[in-house]
Each structure stands twice: as C-alpha cells, then as structure tokens.
Amino acid sequence: MFDLLPVMAWSSFADGTCEFLNKAHSTYTGLSREASRRWGWQTAIHPQDLGHRMEKWRESLASGRPSEAEVRIRRHDGVYRWFLLRVEPFFDASGAIVRWYGAGTDIEDRKHAEANWSASEEKLSLIFNTVPMLVWSCLPDGSADFFNDQWCDYTGTSIADSEGWGWTVALHPDDFRHAMEGWCAVLLSDGNGPPAFELRLRRADGMYRWFWLQTTAALDHTGAIERWYVTMTDIHDRKMAEDGERRSQALLTEAKRLAGLGIFSFREGADSMAWCNALYNMFEFPLDTPVTRELIEQRTHPDDASLSFGHVFDARNGRNFEERVRILMPGGATKFIQYCAYATVTLSGETEYIGTVQDVTEQHLAAEELILARNELAQAAKASSLGVLTASIAHEINQPLSGIVMNANTCLRMLNTAPTNVEGAVEAAQRIIRDGNRAADVVSRLRKLFSQKAITASPWSLPCATGDIIGLLQGDLRKCRISVDESYPADLPQVRGDRIQVQQVIQNLLRNAIDAIKAASDGPRRIRVVGAHRDGFVSLSVGDSGVGFANADPEDVFKTFFTTKRDGMGIGLSISRWIIEAHGGKLIAQKGDGRGAIFTFSIPGEQSPNPAIAPLSGSHKS
C-alpha cells in the first residue's frame, strides 16, 4: 500500500529512526531503501534545509505532536525540488507512541507561483510607494483598505488609523462638507460620475495643502464596481500661483483706477492708436472718436510738440522710452501727463509699442511746492543755526563774565573800606584780568571750533587743569558747603588737546554737580573727581550726591535743549560732548550708586607719563 501512494511516504520508530521508505522515495532520490533507512535519508535533503528539518523533527519527538516543514530534496539527477514534509504519531492502546508516519508532497510549482506573486506584489508596492502622489483604495461602500507610504509620510498617520473612514480626520474643517458631498457623489455613481474635486489635507506638521482628488472604478466580470482607486495630487503651489495671479490682476485693475492709468498700443508708422476708455476721459475726447496723430498734436502744448506721441515714436526705432508732456484742455486748463512705451515685435515683424499714460498734474504741482518749501526751510534752518550758535557762545562766556563781575564788586568793596585794602583790591583786579583773558580765549576757541578748524593740541596735566577750575569755583563751593575730593593715580599721563576747551567741559560738569547738590534737600554734599588712564586714554569722572537723573535716560541729557534744571538752557552738555568728541574722545553719563550722577570723559593721552608733572590728589572743602 505504501508503494502505491503517489507521494513519498515512510515510517519511523518511536525514537525517530527510519524504519521503511516507499517506492516513490527511492524512485525520486535514486537511493535504495536500505541506504535510506535509519538516518540515511538525510543525504537527500538540501544542506541549507537539513538543520531546519531536524529541528522540527526533534520538536515532534520531544512533544509527541505532529509537525511539518518545507525543504528541498535532491532528485536522482541532482536537481532539488521543494517538498512539504508532514509527520504524525501513531499511538497504541495505552497511549504510547509506537510509530511515526510521514509523507512528502511536491510543492515546487506552488513555491514558484508564490515567488512570482510575491515579486508582483513587491513591484506593485514599489510603484504605489514611489509615485509622487497619495494613493489609496476602498471598497464599493467607501471604506478605505489600502494606503501607500506617501499617504502615511504626508499625514503622519498609520494605515490602521486611516482605514475605514479614519482618513477623513486629515480633511480641512472648512472643506469637510464639500469633500464629503463630492465623495458621496462618486460612491453613488456607476463609475461615470464626477471623478475629481479639490480639497485641503493636513500635513504631519499641521499645515494644510491643496490636493486634487481623482477616482477610478475597478469593475468585476459582471460590470459591477469591485473597488475604488484614489489618487491625490498636490496642487498647492499651483493654487497659490492662481490666487496670486488673481490678486495681482485685481490689484493692477485697482491701481490703474486709483492712479488714473490709461493703456494704449501703437504700431510704428501707423496714423492711429488703440486707446482704453480711461485715456479718452483723460484727454477729454469723445469715446467714438478715432485717435490719430493730428488729434493728439492738437491737444499737445506747443512747447512740447517735439515730445508728442507720433514724433517720439518715429525717432525711437524700436526702443523703450518715457516722456512727460503738457496737454491743453478745451477749457484752457493744462495737464501734465507721463507716458511710458515698451517696444515689442509682432509675428509679422512690425514694431508695436504698448504703453501707459498717467495724469501727473497734481504730482508736478506738489513737486514745485515742495521745492519752494525746501527753499523756505533752508532759510529757516540758517536762522535757527544762528540762534543756536549765539546761545552756545553766550553759555560758554557766561562763566568767566560772572567771575569778572564778582571780582570787580570785590575790588570796589576793598577800595571803599577804611583803611583801604589795597592788597586785596590788587588780587581782585588780577582775577578780573585772568577771567577776562579766559573769556577772550573761550571766544577764540569757539570760533575755531564752529569753523571746524583743527584743534590746537598740546600736552598738559589734567589734574592741574582741573585744580584751576576747582579754584575758580571755590566761592560757590563754600557758599553751598560742598566738599570736593580729588584722586589721581601716580602714573597718570599728560593729555593732548586744547586745554581751554577741555577746562570748559570740566567747569560745566562741576557746575552741573553743584546745581544738582543744591537741588537735594538732604544727604551728603560731596563731589568726587577721579582720574584714570587705560589703553592710551586719560579719563576724568565727576560724581555728585545730588538729585541725579530721576526717571530720565542718561543719554537724553546730551540732547540739545534737554535739561533737568528749572532755569537751564539744555545746551551745556551737548556742547561738552561736542568738544570731547572733537578731541577724539567720549563723554558718557550714568547713575550714581544710590543717588546722584557720574559724568566721565576720556581723551587721548601722551604715550608715557610726564615725570615733571607731580600727581595731584587731595580735597577742597568749604
């Protein structure tokens, strides 16, 4: 009976040793039954499949359960073919395994069919997943059952989440109703209905893009719809371009209306032109009137006749151009028009001009008024500059003049005392001479500064110059009970610049400090002057314990006419910064620690300190 079976068959003992193989096995493998018994049958198994076969065989022997395995078996001519091997246990009355029976079925043709089908599936999958569009399919009722990789990559959703009607979550909320109506119309049709419509789909990053959805029905042998195939093509860029073109067209139309633009075309050598209605209104021609050269020249101002349309076109020889001419209206009014012409070549080889015309009468008149206003503004600026210059000079010489008046009163008082204080009067007179010379120097230096002449630069000691100014202000310091603490490093270099101008800056900073302390109702009454040098620059800081900047920005105090004083002019610090910057330095302001303000300027110093100038440090107190 075993030999009559058309498949390989065998029996094995309970321990797995082969007992008998049928004739089909011997015929196929070319091995005798004796050679195949026990474990000889293994020689016919493909070496790469033998391990898998033995693993399955050992599992069955250990568990007592059936098993199967697909292996390749060598035919008698050396060719290997695929077989499906199945083994089943045979039990005795007590339930013990006494035999194993097996059969091998040739599945070579099936394996080839499976391989071909797998290759076809892979090829189809490759096509679906590489086309630059979203592809999916659904059953006749609209339930989706397939999506390509492009869909998953774009929407960021898995196939499981998109199956059925899950794909609709990617629709734009504003397009949902429209998309569902279009989709239902497709499903209710017989495949010849509306096959496509537009909608927006959400991308994985949350952005929506426009897509063109197209459907194709797959029919079975009876003509019934078996499934729907859907492709979705990204048309977002095209939609944006169309919207941009529509907006541009709308803007152009509105711009033409608002700007009063007219459009014309004219072929070189022709006598007539094609005009739009806006040009007829601009030239005040009846709409049905043919526009000829003669008609245009009748409107053109006599002085601009050489620039009229006809004359200019004949002389340009196919080049673009732009002109402005005057036209005379029937009522006597004059208009200024600006026309631009662009040359093109027609299919017949003729030169044709296409251009625009704009009424620029208002712009022309406004330009003339603007020129007149600019001239008036220039005159006003000259007058304003003269006023600022006058205020600047008055501010600079005010201090030495005040000293002259004070010292003159002192001199008279000493001369009127009994006995006469001649020595004191002489000292006061000397101070008058000193302050008079200082005022003259100030005027001379300001004249050089405003005329932008080079600054007279010479080396001098900053501590000595500062001490002179502090001595000049001793009267005000004693009167206000203000102490001045000075501090300079021993190796402070000399500075290079105009001593008089820099002293004016120091004097302005010290007077501002005095005024700030006078405005404070309580607290210490102290000014601290500190010198320093770094990177080739010598600096001087003047800090006070006054009212400070309050809520003002420290940089605002340098603006012209900005002041925190009740009777201040607001130009002292502006001029001071001007002087320091003219020396190649910098003047800054900052809020003090707790209260007051600190002004610091730096100007270039000499390359090395002058050992002949002794460092100055100490204090001046009332």
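Predicted model: local features only at pLDDT ≥ 70, side-chain atom pairs only at ≥ 80, totals over all residues.
Colleague: Fine. How many bridges are there between β8 and β9?
Modeller: Seven bridges, and the two strands pair in the antiparallel sense. Strand β8 covers residues 196–202, and strand β9 covers residues 208–219.

Colleague: Which residue in β9 is the bridge partner of Leu199?
Modeller: Phe211 is the partner of Leu199.

Colleague: And what do β8 and β9 form?
Modeller: A hairpin, with five residues between the strands. In that turn, Gly206 has a positive phi of about 95 degrees.

Colleague: Which strand do nine bridges join to β9?
Modeller: That is β10, residues 225–234, and β9 and β10 run antiparallel.

Colleague: Which residue in β10 stands opposite Trp212?
Modeller: Thr233.

Colleague: What about the turn between β9 and β10, which glycine has a positive phi there?
Modeller: Gly223, at about 90 degrees. β9 and β10 form a hairpin too, with five residues between them.

Colleague: Changing topic to the whole protein. How many helices and strands?
Modeller: The secondary structure comes to 17 helices and 24 strands.

Colleague: What share of the residues is buried?
Modeller: Buried residues are 39% of the 622 in the protein.

Colleague: And the surface, how much of it belongs to carbon and sulfur atoms?
Modeller: Those atoms hold 54% of an accessible surface of about 34700 Å².

Colleague: Last one. Of contacts between residues at least 6 apart in sequence, what share joins residues at least 24 apart?
Modeller: For this protein, 55% of those contacts do.

Conventions
Residues numbered from 1 in each chain as written. Heavy atoms only, no water. Helix = DSSP H or I, 4+ residues; strand = E, 2+ residues; numbered from the N terminus. Buried < 20%, exposed > 50% of the residue type's maximum accessible area, 1.4 Å probe, protein only. Contact = heavy atoms within 4.5 Å. Areas by Shrake-Rupley, 256 points an atom, 1.4 Å probe, with all protein chains shown as cover. Pairing = 2+ DSSP bridges.
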